[in-house]
Amino acid sequence: MYYLGIDLGGTNIVAGVVDDDGKIIVKANCKTSQPCTMEGISDDMAFVAREAMQKANITEADLHYIGIGAPGAVNSETGVIEFANNFNFHNWEIVKMMEERLGMKVYVENDANAAAYGEYCVGAAKDANDAVMITLGTGVGGGIIVDGMIYSGSNYAGAEVGHTVIQHNGRLCTCGRRGCWEAYSSATGLINMTKEACSIQQAPNYLLYKMIDGDLSKIEGKTAFDAAQQGCPLAKSVIDMYIDYLGCGLVNIINVFQPEILCIGGGISRQGDYLLQPVMKIIERDRYTKHNKRQTKVCIAELGNDAGIIGAAFLGK
């Protein structure tokens, strides 16, 4: 039996054919058109889905359905994305459009929820009854599994953990609020902190500045990590600040949900133990349940960028 999942991102659309064990057999991808329309992105997703099927040598007849992980407030019951801020779409009837294009049943879920479901099915959260996944990418995404089910909230906009405030009247977030966790602990937040560090008067004396040749546009989410691991004190100060904010948000999540497992995914999670070990010191120091016998296990997600594809592929199961 095969399944097909689509991960719709602001930069790329990726489709994968998945087997019963959660292994991705083939992938196909294309760039997300910008500027874009609902019809244009639906066309692109249908194209990528067919390309993946062709690579796997299967047809629509070999699939019972297709699953999609998409950003925004996704009403999985109606198949409508009520708001997708990345695209500025309102009331996108994504399921209807995709079923018209592909001629089969389509399921849709928020992309962070789909990633969490993928980790729950075959990844780091496998066999956990309650789990939370945090994704550290362009934003801070969240997916929550309660009693083996995706928690979406009464209005299908639940688990937006990136938009909880950790600094009152702090940095302006893309959502319009100030001090959101996303403004500090996303890759975007880390890039902004790195740029600020490279703008101080003494910055040219440090490795961090030299690594980018003084060009702030070259800064990526891993730039400060790379420089810190080579001993740059300026970069280390940036990473220490970033870890502090990240740890604060993770403690909040643990204190609220007390999941069996909290897994960290997204591009920044590739730092592995260099990220996890200092974060765990903050969690162990600050969590409310430090004296309880049972504690939330905190780990790096296992499926990487494939989590959303696998989770979407298994939505119909």
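In this predicted model, the axes of helix H8 (residues 233-257) and helix H9 (residues 273-286) come within 9 Å of each other and cross at roughly 50 degrees. H8 is therefore oblique to H9. Angles under 35 degrees count as roughly parallel, over 145 as roughly antiparallel, 65 to 115 as roughly perpendicular and the rest as oblique. Axes are lines fitted to C-alpha atoms, and angles run from 0 to 180 degrees between N-to-C directions. Helices (at least four residues) and strands (at least two) are DSSP runs, numbered from the N terminus. Local features need pLDDT of at least 70, side-chain atom pairs count only at pLDDT 80 or more, and totals for chains, interfaces and linings use all residues. Residues are numbered from 1 along each chain, and side-chain values use heavy atoms, without hydrogens and water.

Contact means heavy atoms within 4.5 Å. On the H8 side, the contact residues include Leu246, Leu250 and Ile254. Their partners in H9 include Leu275, Val279 and Ile282. By class, this contact has 12 nonpolar, one polar and two charged residues.

H9 itself has 14 residues and reaches 19 Å from its first C-alpha to its last. That is close to the 20 Å expected at 1.5 Å a residue, counted over one less than the number of residues. Its buried residues (under 20% relative accessible area, 1.4 Å probe, protein chains only) are Leu275, Leu276, Val279, Met280, Ile282 and Ile283. These pack against H8, helix H7 (223-229) and strands E9 (131-136), E12 (261-265) and E13 (297-300).

A second pair is formed by helix H1 (residues 38-56) and helix H2 (residues 94-102), whose axes come within 10 Å and cross at roughly 45 degrees. H1 and H2 are therefore oblique to each other.

Key
Ala, Val, Leu, Ile, Met, Phe, Trp, Tyr, Cys and Pro count as nonpolar, Asp, Glu, Lys and Arg as charged, and the others, Gly among them, as polar. Buried means under 20% relative accessible area, exposed over 50%, partly exposed in between (1.4 Å probe, protein chains only).
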